[in-house]
Amino acid sequence: MAAPLTPARRRGLPPVADASTRVLVLGSFPGAASLAARQYYAHPRNHFWPILGAVLREPLPELPYAERLARLRRHGVGLWDVIVSCRRHGSSDGAIREAARGDPARIRRIAPRLALVCFNGNTAASAAPSWCAAGCATLVLPSTSPAYTRPFAEKLAAWQALGRFLAEPPAG
């Protein structure tokens, strides 16, 4: 019997962050649909865009991708993943192998006003200690993945904490 093929090493998407970023939402690693589209949260059943749209009171799911990112930036929200490259068959976080993590210092240079890092699910949250050590407050949120079967309303209720943070005036 032949040995299973080792999947090719895949690189994730570049960070979406700039000097106005106050909140960074970190996923684990883009799924196959996102890598193919070169867009964060491209799987049509992922709840990310509907949830964040509700939190920010923006019609994010109906907008073209570039406009979604522009609206996030206006609200001071950035996107990235804790894993910048890995080997993986399919899209399951459980299949991730040989993960290389992103460097919090890189984002701190790009986004000096960064105050809160939100983790989209528990796989992403495994990186919380390195972000805390970089001086960021952290918040673990339920995964928006369609594989995480918690009801949409429960996910949205938890994600409202992000909206409450953004409603506060920036510190400093």
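Helix α3 (residues 65-74) has as its buried residues Tyr 65, Arg 68, Leu 69, Arg 71 and Leu 72, where buried denotes under 20% relative accessible area, exposed over 50% and partly exposed in between, with a 1.4 Å probe and protein chains only. Because these residues cover an arc of only 160° around the axis, they lie on the same side of α3; the arc is that of the directions from the helix axis to the C-beta atoms. The face turned away from the buried side of α3 carries the exposed residues Ala 66 and Arg 74. The model is predicted: local features need pLDDT of at least 70, side-chain atom pairs count only at pLDDT 80 or more, and totals for chains, interfaces and linings use all residues. Residues are numbered from 1 along each chain as its sequence is written, and side-chain values use heavy atoms, with hydrogens and water left out.

Helices (H or I, at least four residues) and strands (E, at least two) are DSSP runs, numbered from the N terminus. The buried residues of α3 pack against α2 (48-56) and β3 (77-81), contact meaning heavy atoms within 4.5 Å. After α3 comes Gly 76, with a positive phi near 80°.

Helix α2 is largely enclosed by the rest of the structure, because 7 of its 9 residues are buried. Among them are Phe 48, Trp 49 and Ile 51. The buried residues of α2 pack against β2 (23-27), α3, β3, β6 (116-120) and α7 (152-167). Just after α2, Arg 57 adopts a positive phi of about 60°.

In strand β4 (residues 83-87), 4 of the 5 residues are buried.

The largest pocket holds about 640 Å³ of space. On a 1 Å grid over the protein atoms alone, a pocket is an open set of points where a 1.4 Å probe fits, with protein on both sides within 12 Å along at least five of seven lines, and lining residues have an atom within 4 Å of a point. Of its 31 lining residues, Ser 28, Asn 46, Asp 93, Ser 143 and Ser 145 lie nearest the centre of the largest pocket. Helix α1 (32-37), α5 (122-125) and β7 (137-141) each give two or more residues to this lining, and α1 gives the most, with 3 residues.

Conventions:
Points joined across faces, edges and corners; volume = space filled by probe spheres on them.
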